[in-house]
Amino acid sequence: MGSQRNFSTMILNYYQYFYQVALIGNITKAAKTLYISQPALSKAISNLETQLNCQLFERTPKGVSLTLEGELLFQNVKETYSMLNDTKNRINSIQKKTFSE
């Protein structure tokens, strides 16, 4: 079970890394934002691309841009983060009501 949790955490990190690179458009700058090394971030993105069997970014000298597959993934990750944030806010609201009663 521990190894499964570690694998799941790693995959979630990959999606977080992907999301930040997509938002920023530059792997080096995203690595600084994420407080990880640029080679580690590049490797994580490469691992995610391998797992999904597609290229997520077009690499250019100025940075990166999303491929069609990357755009689809970005929209879904963005929506998922929004739903998670909304759920967190709802939980906080329930807890505030419970404590005030």
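The stops that follow run from overall confidence to individual residues.

**Before selecting anything**

This is a predicted model, in which local features need pLDDT of at least 70, side-chain atom pairs count only at pLDDT 80 or more, and totals for chains, interfaces and linings use all residues. Residues are numbered from 1 along each chain as its sequence is written, and side-chain values use heavy atoms, with hydrogens and water left out.

**Stop 1: colour by confidence**

Colour the chain by pLDDT, the predictor's confidence in each residue, from 0 to 100. The protein chain averages 91, and 92% of the residues score at least 70. Confidence is lowest in α1, with a mean of 86, and highest in α2, at 97. Where pLDDT is low, the predicted coordinates should not be read in detail. The helix and strand names used here follow DSSP runs, numbered from the N terminus: helices are H or I runs of at least four residues, and strands are E runs of at least two.

**Stop 2: the nonpolar core**

Select Phe18, Val21, Leu41, Ile45 and Phe57, which have the most contacts inside the largest nonpolar core, a group of 21 residues. A nonpolar core here is a set of buried Ala, Val, Leu, Ile, Met, Phe, Trp, Tyr and Cys residues joined through side-chain atoms within 4.5 Å. Buried means under 20% relative accessible area, exposed means over 50%, and partly exposed lies in between (1.4 Å probe, protein chains only). At least two residues of this core come from each of α1 (2-24), α2 (27-34), α3 (38-52) and α4 (68-100). Helix α1 gives the largest share, seven residues. In soluble globular proteins, nonpolar side chains tend to be buried together.

Now centre on Phe57. Which residues is Phe57 in contact with, leaving aside its neighbours within four places in sequence? They are Phe18, Val21, Ala22, Ile45, Glu49, Val64, Ser65, Leu66 and Thr67, where contact means heavy atoms within 4.5 Å.

**Stop 3: the aromatic cluster**

Show the side chains of Tyr19, Phe74 and Tyr81, which form one aromatic cluster. Rings of Phe, Tyr and Trp (its six-membered ring) pair if their centres lie within 6.5 Å; planes under 30 degrees apart count as stacked, over 60 as edge-to-face and the rest as tilted. The whole structure contains three aromatic pairs. Among them, Tyr19 and Phe74 are stacked, at 5.3 Å centre to centre with 15° between the planes. Because Tyr19 lies in helix α1 and Phe74 in helix α4, this pair ties together parts that are 55 residues apart in sequence. Tyr19 is buried, with a relative accessible area of 13%, and Phe74 is buried at 9%. The rings of Tyr19 and Tyr81 have centres 4.9 Å apart and planes at 90°, so this pair is edge-to-face. Tyr19 in helix α1 and Tyr81 in helix α4 are 62 residues apart. Tyr81 is partly exposed, with a relative accessible area of 29%.

**Stop 4**

Move to Gln20 in helix α1. Gln20 is buried, with a relative accessible area of 19%, and touches Ala30, Thr33 and Leu34, not counting residues up to four places away in sequence.

Next, select the buried residues of α2, namely Ile27, Ala30, Ala31 and Leu34. They cover an arc of only 105° around the axis, which puts them on the same side of α2; the arc is that of the directions from the helix axis to the C-beta atoms. On the other side of α2, Lys29 and Lys32 are exposed.

**Stop 5: the hairpin**

Select residues 57-60 (strand β1) and 63-66 (strand β2), which pair in the antiparallel sense over four bridges. Two strands pair if DSSP finds at least two bridges between them. The strands form a hairpin with two residues between them, and Thr60 has Gly63 of β2 as its bridge partner.

**Stop 6: two loop residues**

Most residues other than glycine have a negative phi, and most peptide bonds are trans. Select Tyr35, in the loop between α2 and α3; its phi is positive, near 60°. Tyr35 is exposed, with a relative accessible area of 78%.

Finish at Asn53, in the loop between α3 and β1, whose phi is also positive, near 60°. Asn53 is exposed, with a relative accessible area of 71%. A distance line from Asn53 to Phe99, C-alpha to C-alpha, spans 48 Å, and the two are 46 residues apart in sequence.
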